[in-house]
Amino acid sequence: MTDEHAHDSHDPHHGHDHHHDHGHGHSHAHPVDSRNETRTLIAAALTGGFMLAEVIGGLLTGSLALLADAAHMLTDFAALILAWGAFRLSRRPATDKRSYGYDRLQILAAFANGVTLSILVVWIACEAVMRLFNPNEIEATGMAVIAVLGLLVNIAAFGVLHGADKDNLNIRGALAHVMGDLLGSVAAIIAAAVIWWTGWTPIDPLLSLLIAALIGISAWRLVRDAGRVLLEAAPDHIDPSVLRADLTAAIEGVRDIHHVHVWSLTPDRPMATLHARIAADADAPAIILAIKSRLAERYKLTHVTVEIETGPCADANTH
C-alpha cells in the first residue's frame, strides 16, 4: 500500500518560501523592477520624440536608411511602451485565480518584441533589394544631419537602458530594439558620407541590408530565449537528469527521484516540482529540508514542491 505525503506550503522549514511565491510571489516592490520600469519609459520618450523627425527627414531626403531607421524607431517606441506596460502590470498582486501574478507579462512583451523585430527585418530587406534595382536620388547633407541627431538620441536611450537589469528578458528586448536603431543611425551616417563624396547611392540599401542582418540575429535570440520560458523548458543551467542523480546520491534515505519538472516563471525565478521515494524508516521532514537546501545552494532553486513517497508512485502512469 502506498504511503504518500505531499509537502510544500505546510512544511515548517520551508513554508515561507512556498507561501511567498504563490501568495505574494511578485517582486514588484523590488528597486530593480522599479528602475527597469522608469528607464524603459525614459527610453520610450526619447525614441518616440525623435521618430517623427526621422520620418520627415527620410521623406525629404529620399534615404531608405533613414526611413528604415524611422520605421525601426516606430516599432521601438511601441516595443518600449509595451515593455514599460509589462513592468507596470507585473506589479499587480497575485490573486487566487492568478497565483503567480502578472510577472509573465514581461516574457510575453519580450517575445512580442522579438516577433516585431523579425517582421521589421523582412520589410527592410525587401525594400533594400528594390532600391538596389531601382536607385533613387538621395540628398546627402540633410540625411547626415538627421542621422547624427538620431545617433545622439539612440546613444542616450541605450545609456538609460544599459543601467537597467540586463539579465531581464524584457530589458534585453528593449535594448535589442535601441541597439538596432543605433546601428541604423551609424549606417545612415556612413551612407550619407559615401554619397556625399562619391555619389554612389547603392551604399544606402546595402548598409540597410547589413543592419537588417544584425537586427535579425538579436530578434532570433530574443524569440528563442523568451520562447523557452513560455514553453516552460528547463533553465540552461539545470539538467533534470543530472539533478535526479545528484539528489539520489547525495541525500541519505532517498531511493529514487522522479517526476522532475523544472521551469521558469521569469529567467530569475526558476521553479521545480519532484517526487522523492524514500526508505520506509527515513525521516521525511529532514529529507525534504535536505532536498530543498541542496536545490537552493547547488541549482539556485528556491521555489520547490516535494512530494514524498514510501511506496509505488500514485502518478506512475502520468507525466
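1. Asp236 and Arg228 form a salt bridge through their side chains, with an N to O distance of 3.0 Å. The model is predicted, and the distance is to be read accordingly. Asp236 counts as exposed, at 69% relative accessibility, while Arg228 is partly exposed, its relative accessible area being 33%.

2. A salt bridge also connects the side chains of Glu232 and Arg104, at 3.9 Å from N to O. Distant parts of the chain are linked by this pair, the two residues being 128 residues apart. Glu232 belongs to the loop between α7 (203–230) and α8 (240–250), and Arg104 to the loop between α3 (64–89) and α4 (105–133). The relative accessible area of Glu232 is 45%, which makes this residue partly exposed. Because a salt bridge requires the nitrogen to lie within 4 Å of a carboxyl oxygen, the assignment of this pair rests on that cut-off.

3. In the pair Arg298 and Asp246, the closest N and O atoms of the salt bridge are 3.5 Å apart. Arg298 is located in helix α9 (residues 284–299) and Asp246 in helix α8, so the contact ties together parts that are 52 residues apart in sequence. The two partners fall into separate accessibility classes: Arg298 is exposed, with a relative accessible area of 52%, whereas Asp246 is buried, at 13%. The value for Arg298 may be set against the class limit, since exposed means over 50%.

4. For the structure as a whole, the number of salt bridges is six.

Note on methods
Residues are numbered from 1 along each chain as its sequence is written. This is a predicted model: local features need pLDDT of at least 70, side-chain atom pairs count only at pLDDT 80 or more; totals for chains, interfaces and linings use all residues. Side-chain values use heavy atoms; hydrogens and water are left out. Helices (H or I, at least four residues) and strands (E, at least two) are DSSP runs, numbered from the N terminus. Buried means under 20% relative accessible area, exposed over 50%, partly exposed in between (1.4 Å probe, protein chains only).
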